[in-house]
Amino acid sequence: MTRHTFTLANGVEIPAVGFGTYKAVSQDEKVVSEAIAQGYRHLDTAAFYKNEEAVGKAVRESGIDRKEFFITSKIWRECLGYESALREFGESCRKLGTDYLDLYLIHWPRPFDLKADWKEPDRETWRAMEELYRSGKIRAIGVSNFLPHHLNELMEQTSIIPLVNQLEFHPGYIQKAAVDFSQRLGIQVEAWSPMGRARVLEEPVLKEMAEKYEVSVAQLCIRFALQCGVLPLPKSSSPERMRQNMDVFGFEIEENDMHCLMTLPPIGWSGEHPDRDRVKI
Ligand SMILES: NC(=O)c1ccc[n+]([C@@H]2O[C@H](COP(=O)([O-])OP(=O)(O)OC[C@H]3O[C@@H](n4cnc5c(N)ncnc54)[C@H](OP(=O)(O)O)[C@@H]3O)[C@@H](O)[C@H]2O)c1
């Protein structure tokens, strides 16, 4: 089987389709074990998902060498700060049963309290992550849900440019400003909710286009991300859909269809934005 990967700015290779674990597992590792059996080696978790133990258990029980996996976790937005980041990193490793992470991300740039200071806590978190990175405990460090102004504030007083920015990204919500800004800096963008948590699957334009390529709308969305240079993280709890979501390398979306997907009217947005309270859609 061909291995499809992206290469981060520090040379670390990352499997081109990751498995999203949010709401895929709680205390039970069966869904992740199934994803591993289907061929996923890139697993996206977070302290907030409360499933790191289950993910770690599935990895160990697979009998596959830890080095074959690419495991991402994230520090939650209410835990920003230097000491807190060191502690949270240790907790994530303990729960996952690993002594290193492949990728560690700041989950959101700001706490829920929008009046709270975030610039200094972000930089302090990043200082801890830079130390962990330099000591070899994390292979790549990055951020999530950072818009250009959050990235600028972070980079003003830190030395390592984030290697990854994980953003909501799918047809109908492509966050062009944040994606372009990140990509210009050599930051690998990852797509969370690459099919808008199933909210875009009934969109007529997508259905018609998927028919043309003889794929599902989910496959079209995943392929769309890849062709934008964005690494998709689909979640599924069904073996058949897990398999389908990795089977996206046998077709190519034509240029005009890419333009069409990039210019769809807004659809499927989660309502989440780092500078706003959650917007009810
Ligand atoms: N950084 C962040 O702030 C952030 C936020 C949200 C999510 N994430 C990450 O991104 C991952 C993915 O995002 P997500 O879970 O929100 O949404 P998603 O992957 O876009 O969508 C998942 C939904 O689509 C369905 N689905 C999956 N494959 C399908 C297929 N081939 N055909 C039809 N339906 C399909 C799933 O149902 P079934 O399970 O029944 O198949 C589920 O309802 C998360 O698991 C998490 O790792 C990160």
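Strands (E, at least two residues) and helices (H or I, at least four) are DSSP runs, numbered from the N terminus. Six of the six residues of β5 (residues 70-75) are buried, so the strand is largely enclosed by the rest of the structure.

Before going further, a word on the model itself. It is a predicted one, in which local features need pLDDT of at least 70 and side-chain atom pairs count only at pLDDT 80 or more, while totals for chains, interfaces and linings use all residues. Residues are numbered from 1 along each chain as its sequence is written.

Now step back to the sheet. It is open and has eight strands in the order β3-β4-β5-β6-β7-β8-β9-β10, with parallel pairing; two strands pair if DSSP finds at least two bridges between them. The edges are held by β3 (19-20) and β10 (231-232), each with a single partner strand, so one side of each is left without a neighbour in the sheet. Strand β4 (residues 42-44) runs parallel to β5, and three bridges join the two. Across this pairing, Leu43 stands opposite Ile71 in β5.

Further along the sheet, strand β7 (residues 138-144) and strand β8 (residues 164-168) pair in the parallel sense over two bridges. Val143 stands opposite Asn165 in β8, and Ser144 has Gln166 of β8 as its bridge partner. How many residues of β8 are buried? Five of its five are, and the strand is mostly covered. Val164, Gln166 and Glu168 lie on one side and Asn165 and Leu167 on the other, and both faces are covered.

Strand β7 also holds Arg139. With 20 C-beta neighbours inside 10 Å, Arg139 counts as buried. Leaving aside its neighbours within four places in sequence, Arg139 is in contact with Val12, Tyr100, Asp102 and Leu103, where contact means that two C-beta atoms, placed from the backbone, lie within 7 Å. Val12 is 127 residues away from Arg139 in sequence, yet their C-alpha atoms are 7.4 Å apart in space.

The loop between β4 and α2 is our next stop, and Tyr49 is found there. Tyr49 is buried, with 21 other C-beta atoms within 10 Å. Beyond its neighbours within four places in sequence, Tyr49 is in contact with Thr21 and Tyr22. Tyr49 and Ala24 are 25 residues apart in sequence and 9.3 Å apart in space, C-alpha to C-alpha.

Lys50 lies in the loop between β4 and α2 as well. Which backbone angle deserves a look in Lys50? Phi is near 55 degrees, a positive value in a residue other than glycine. Most residues other than glycine have a negative phi. Lys50 counts as partly exposed, with 14 C-beta neighbours inside 10 Å. Gln175, in the loop between β8 and α6 (176-184), has a positive phi of about 45 degrees although it is not a glycine. Gln175 counts as buried, with 20 C-beta neighbours inside 10 Å.

On to the helices. Helix α2 (residues 52-62) and helix α3 (residues 82-96) pack at an angle of about 45 degrees, with their axes 7 Å apart. Axes are lines fitted to C-alpha atoms, for helices over the stretch in contact, and angles run from 0 to 180 degrees between N-to-C directions. The two helices are therefore oblique to each other: angles under 35 degrees count as roughly parallel, over 145 as roughly antiparallel, 65 to 115 as roughly perpendicular and the rest as oblique. At this contact, Glu52, Glu53, Val55 and Gly56 in α2 meet Ser92, Lys95 and Leu96 in α3. These residues divide into two nonpolar, two polar and three charged; Ala, Val, Leu, Ile, Met, Phe, Trp, Tyr, Cys and Pro count as nonpolar, Asp, Glu, Lys and Arg as charged, and the others, Gly among them, as polar.

Finally, the ligand. It is surrounded by 28 residues, and the closest are Gly20, Tyr22, Trp192, Ala218 and Lys235; a residue is near a molecule if its C-beta atom, placed from the backbone, lies within 6 Å of it. By class, the shell has ten nonpolar, 14 polar and four charged residues. Helix α9 (residues 239-246) gives the largest share of the shell, three residues.

Conventions
A residue is buried if 20 or more other C-beta atoms lie within 10 Å of its own, exposed if 12 or fewer, and partly exposed in between; C-beta atoms are placed from the backbone.
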